[in-house]
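The sequence and the model are shown first.

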Amino acid sequence: MTPATEADWKLLTDLIEERFGLSFAGSRQEILEGRLRPRMEALRLDGIRAYYHYLRAHPSSEDEFRELTCRITNSETYFFRETAHFEAIVHSVVPEIAPMLRSRPLRILSAACSSGEEPYSLAIRLTDAGFELAGTRWQIDACDLNPNRIEQARAAVYEGLSFRACDEATRRRCFEEQGPTRFRVRERYRKSVRFFQANLAAPFSGVGWGHYDIVLCRNMLIYFGPEAFDRLISRLSELLCPGGYLFLGHAESLFDRSDDFDSIHFKDTMAYRRKSAIA
């Protein structure tokens with residue numbers, strides 16, 4: 001395989017960032033090379049520049065871009081990750097907006113949901129809080145760039161490290177055994193969650209986006225380049241209802257990045273509330 005020059009890397013990483021928003025600058029190039037090497041060997045390409053030209057001009061380039069999405073996304077997730085966010089939603093956000101939910105469902109978007117642990121965790125917490133019994137309905141939309149992860153999320157079968165923050169009692173109550181080590185989310189929690197594949201770096205169209213009371217976009221923006229970061233925040237702002245809440249990962253911040261939101265602090269965590277009027 002021909003060693004890649006700095007110019008070769010720039011061509012490919014700029015293309016990936018333009019298409020998907022994901023940055024592979026600096027040390028992340030080694031991660032990218034490790035993920036792409038088997039693919040380049042399978043296509044009998046001699047290096048990074050050849051792979052770049054394949055993506056740019058080959059008749060099967062769109063198929064290869066779909067293959068690429070399965071190799072460049074970070075799939076680290078598990079049930080009840082950063083649980084303080086779920087507690088804030090259940091104990092503060094939903095009670096605050098409850099008067100608006102008498103005639104319509106609570107609408108939530110789980111952006112970059114990976115294999116579905118996040119939206120199912122939220123469905124479990126909302127159900128356990130008794131909102132359904134009180135007459136509150138909800139619809140959770142969940143999307144991810146990686147179509148393989150969406151397929152796994154729809155199947156709703158999990159094992160191993162997906163349960164690292166899930167206690168045994170919750171696992172028994174909320175999941176059905178599918179074998180010695182595999183468990184499926186019960187229907188009562190699955191029924192309110194809708195999954196679809198989407199590229200968050202592309203304009204939001206054609207996939208039935210709604211207007212949301214809550215958006216979770218956690219632990220993805222740390223992989224975005226600065227321009228893609230700002231574009232996505234602007235688009236998420238447009239998807240949120242006035243007064244809607246945006247939850248980011250603990251390493252992500254809108255400080256000096258957006259004027260569309262106010263910082264709101266809860267016990268043990270924080271979120272961003274969309275202003276009633278934005279520029």
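## Terms and confidence

Two strands are taken to pair if DSSP finds at least two bridges between them. Strands of a sheet pair through backbone hydrogen bonds, either parallel or antiparallel.

The model is predicted. The mean pLDDT of the protein is 93, and 97% of its residues reach 70 or more.

## The three-stranded sheet

An open sheet of three strands has the order β3-β5-β4, with antiparallel pairing. Its edge strands, each pairing on one side only, are β3 (157-159) and β4 (175-177). On average, neighbouring strands of this sheet are turned by 40° against each other, direction ignored.

β3 and β5 run antiparallel and are joined by three bridges. Tyr 158 has Phe 183 in β5 as its bridge partner. Helix α7 packs on this sheet and touches β3 and β5. The direction of α7 makes about 100° with that of β3.

## The seven-stranded sheet

Seven strands form an open sheet with mixed pairing, in the order β6-β2-β1-β7-β8-β10-β9. The edges are β6 (193-197) and β9 (261-266), each of which pairs on one side only.

The bridge partner of Tyr 245 is Arg 273 in β10.

Helix α7 (residues 147-155) lies across β2 (138-144) and β6, and runs at about 160° to β6. Helix α7 also touches β3 and β5 of the three-stranded sheet.

Helix α10 (residues 226-239) lies across β1 (106-111), β7 (212-217), β8, β9 and β10. The helix runs at about 135° to β8.

## The α2-α4 contact

The axes of helix α2 (residues 28-42) and helix α4 (residues 61-72) come within 10 Å and cross at roughly 135°. The two helices are therefore oblique to each other, and α2 passes α4 in a right-handed crossing.

On α2, the contact is made by Leu 32, Arg 35, Leu 36, Pro 38 and Arg 39. On α4, Glu 64, Glu 67, Leu 68, Arg 71 and Ile 72 take part. By class, this contact has five nonpolar, five charged and no polar residues.

Notes. Residues numbered from 1 in each chain as written. Predicted model: local features only at pLDDT ≥ 70, side-chain atom pairs only at ≥ 80, totals over all residues. Heavy atoms only, no water. Axes fitted to C-alpha atoms, helices over the stretch in contact; angles between N-to-C directions. Helix = DSSP H or I, 4+ residues; strand = E, 2+ residues; numbered from the N terminus. Parallel < 35°, antiparallel > 145°, perpendicular 65-115°, else oblique. Left-handed = near helix turned anticlockwise from the far one by under 90°. Contact = heavy atoms within 4.5 Å. Nonpolar A, V, L, I, M, F, W, Y, C, P; charged D, E, K, R; others polar. pLDDT = per-residue confidence, 0-100.
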